[in-house]
Structure formats: structure tokens, C-alpha cells
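Hi there,

Here is the structure I promised to pass on to you. Have a look at it first, and my notes follow below.

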Amino acid sequence: MHTLNPDRLPRHLAVIMDGNGRWAKQRMLRRIVGHQRGVETVRLIVEECSTLGIGYLTLYAFSTENWLRPKSEVTALMTLLKKYIRSETPRMMKNNIRFNVIGDRSELPPDVEREVTDALTQTASNSGMVLTLALSYGSRQEIVRAARQLAGDMAAGRITLDEVDETLFNGYLYTADMPDPDLLIRTSGEMRISNFLLWQLAYTELYYCDVNWPDFGKKELHRALHDYQARERRFGQTSDQLQKRS
Ligand code: IPE
Ligand code: IPE
Ligand code: MG
């Protein structure tokens, strides 16, 4: 494994966990078996990120568009989610992890929502890594929701037009309290964003890897982090400007 510079880890790592279905298909297994194995990877990666000292880990677990999948798959995913949250809460407590959810929670089945609420309450005072699951999450929906709330506040006289800027708008997003992701990893070889964190990814480093999520392990994670550490983040400036500053 590569040696990582602990001072240059991403503060916020976001992951599009993709390829569970293909992993299963390649092995002539049902898609749900791929999702089950995907949950094992989640456990491993959460543990490793927390050990490394990453501040925020955000995992895309279920998109608004995923509701369009066959009902049996959606039900199986919701059951898995419920079990995962329930079984992981004690481990989150042990590792000082604060659980967080972004997305339209009103769409979740009541039993899943109950587990979510329980885990949020139990872990609320933990001060270690913030583990965010994007559940029933769609970024365009998030932006429209933010715009509606902002318009509502303006109509009610709580804010004025002059106050509207990036910082204020950011405050209406699900991610209001989080820094933008520094690194986004997508597994399974797909190179697209799939309606994930469109606003927040403005200057995120993107990393794609070919392995399917159930096969993603510590080695792949370290490779991605190492790749990230070798990059120069210029934020529109020139390389010379950055070198002068440091
Ligand atoms: C990612 O794996 C998990 C979810 C989207 C819930 P997929 O289920 O998308 O797997 P592929 O892309 O079909 O292989
Ligand atoms: C994105 O994966 C959503 C999650 C990982 C939860 P998808 O597999 O749903 O994305 P598309 O539809 O192939 O872009
Ligand atoms: Mg997929």
C-alpha cells in the first residue's frame, strides 16, 4: 500500500457506490446478493475512513431515480438499509461517528425512517467522523427545494433580495453544515454524476475506478487517496500563484 500524507487527506470524501448489480450478474447471482455484499464494503470503508481521520464521508446509497427500479429490488434495498442502520448504530457509537442523512426522508418507508431517526438521535453528540447517507436523494430536487424555501422566506420578509449570495443559498441545501467534498469516488467504471451533489461538487476532484462496489477494498481506497494527494487543486488560479503562496 502507498503511504498517505495524513495532513493532506480529503476533509470530505463522497462516494457513488456503483456496480452491485453487475457484480452479482457476473457471478450468476441475484442483484440483491450484490447489494448485500455492497453493505459489507460500506462497513469496511466507513471503518477505514474513520481510522484514517477523514472528517466527512458521504455515501450515495439510494437516488430519487432508484425509486423507478422494480418494486422487489426497492423493497429489498429498503430492508437492507434498515438492517444496516440498526446493526451499525452501536459501532458508530463505539467509533464516535455521527450519523447524518440527506435526501427526501418523507419518501422512506416508516420503518426505515424510524431507524434513521433513532440513529440520528443516538449519535447526535458524537464528535468524530460525520457519516452521511444520501437516501432518496436527488441533487436537482435538493436545489429546487432550496430555491422554494428561499423564495418562501423572501415572500415572508425574512430575507431581502440583496442578501442572496452563494453562502446564503448554500444554507438552504441539505448539506448546509458540511464542507464541499474534496474528492468524489465512483466505482464500476461509470463516468457520470447521476444527480449527486451538483452544487457541492463544483471544485471536487473526481476519481473513477473500474472495480464494482462489492470488490472495492482498502487497497482501492488508498489508491484513490494517493491519487488525490498527487493532484494540484488550482481553483481557477495558476500553478505559479499557488506555489508562491505555499
Ligand atoms: C449501486 O449498484 C447500488 C444502488 C444504486 C442502490 P447498482 O445496483 O446500481 O449496480 P449496477 O449499476 O446495476 O451494476
Ligand atoms: C447512482 O447509481 C445512485 C447510487 C449509487 C445510489 P445508479 O446505478 O442508480 O446510476 P445510473 O442510473 O446508472 O446513472
Ligand atoms: Mg448502477
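Which side chain does a polar contact of 3.3 Å join to that of arginine 233? The partner is tyrosine 228. Please keep in mind that this is a predicted model.

Let me stay with arginine 233 for a moment. This residue sits in the loop that connects H7 with helix H8 (239-245). Its relative accessible area is 18%, so arginine 233 counts as buried, the cut-off being under 20%. Its side chain also makes a polar contact of 3.0 Å with the side chain of aspartate 182. Leaving aside residues up to four places away in sequence, arginine 233 touches Pro181, Asp182, Tyr203, Thr204, Glu205, Tyr228 and Leu242.

Now to the sheet. Six strands form an open sheet in the order E3-E4-E2-E1-E5-E6, and the pairing is parallel. Strand E3 (98-102) and strand E6 (205-208) are at the edges with a single partner strand each, so one side of each has no neighbour in the sheet. From one strand to the next, the twist averages 20°.

Although E3 is an edge strand, four of its five residues are buried, which leaves E3 mostly covered. E3 runs parallel to strand E4 (residues 130-137), and five bridges join the two. In this pairing, asparagine 100 stands opposite threonine 132 of E4.

Elsewhere in the sheet, strand E1 (residues 12-16) pairs with strand E5 (residues 183-186) in the parallel sense, over four bridges. Alanine 14 has leucine 184 in E5 as its bridge partner. Helix H7 (residues 218-229) lies across E1, E5 and E6, and runs at about 140° to E5.

Several polar side chains come up to oxygen atoms of the ligand:

- Arginine 192 has a polar side-chain atom 2.7 Å from an oxygen atom of ligand 2.
- Asparagine 66 has a side-chain N or O atom 2.9 Å from an oxygen atom of ligand 2.
- Arginine 186 has a polar side-chain atom 3.3 Å from an oxygen atom of ligand 2.

Taken alone, ligand 2 exposes 390 Å², and the protein buries 77% of that area.

Best wishes

Definitions and conventions. Residues are numbered from 1 along each chain as its sequence is written. Chains are lettered from A and ligands numbered from 1 in the order in which they are written. This is a predicted model: local features need pLDDT of at least 70, side-chain atom pairs count only at pLDDT 80 or more; totals for chains, interfaces and linings use all residues. Side-chain values use heavy atoms; hydrogens and water are left out. Two strands pair if DSSP finds at least two bridges between them. Axes are lines fitted to C-alpha atoms, for helices over the stretch in contact, and angles run from 0 to 180 degrees between N-to-C directions. Contact means heavy atoms within 4.5 Å. A polar contact is a pair of N or O atoms within 3.5 Å; within protein, one must be able to donate a hydrogen and the other to accept it, and residues adjacent in sequence count only if both atoms are side-chain atoms. Accessible areas come from the Shrake-Rupley method with a 1.4 Å probe; for residues, only the protein chains shown count as cover. Buried means under 20% relative accessible area, exposed over 50%, partly exposed in between (1.4 Å probe, protein chains only).
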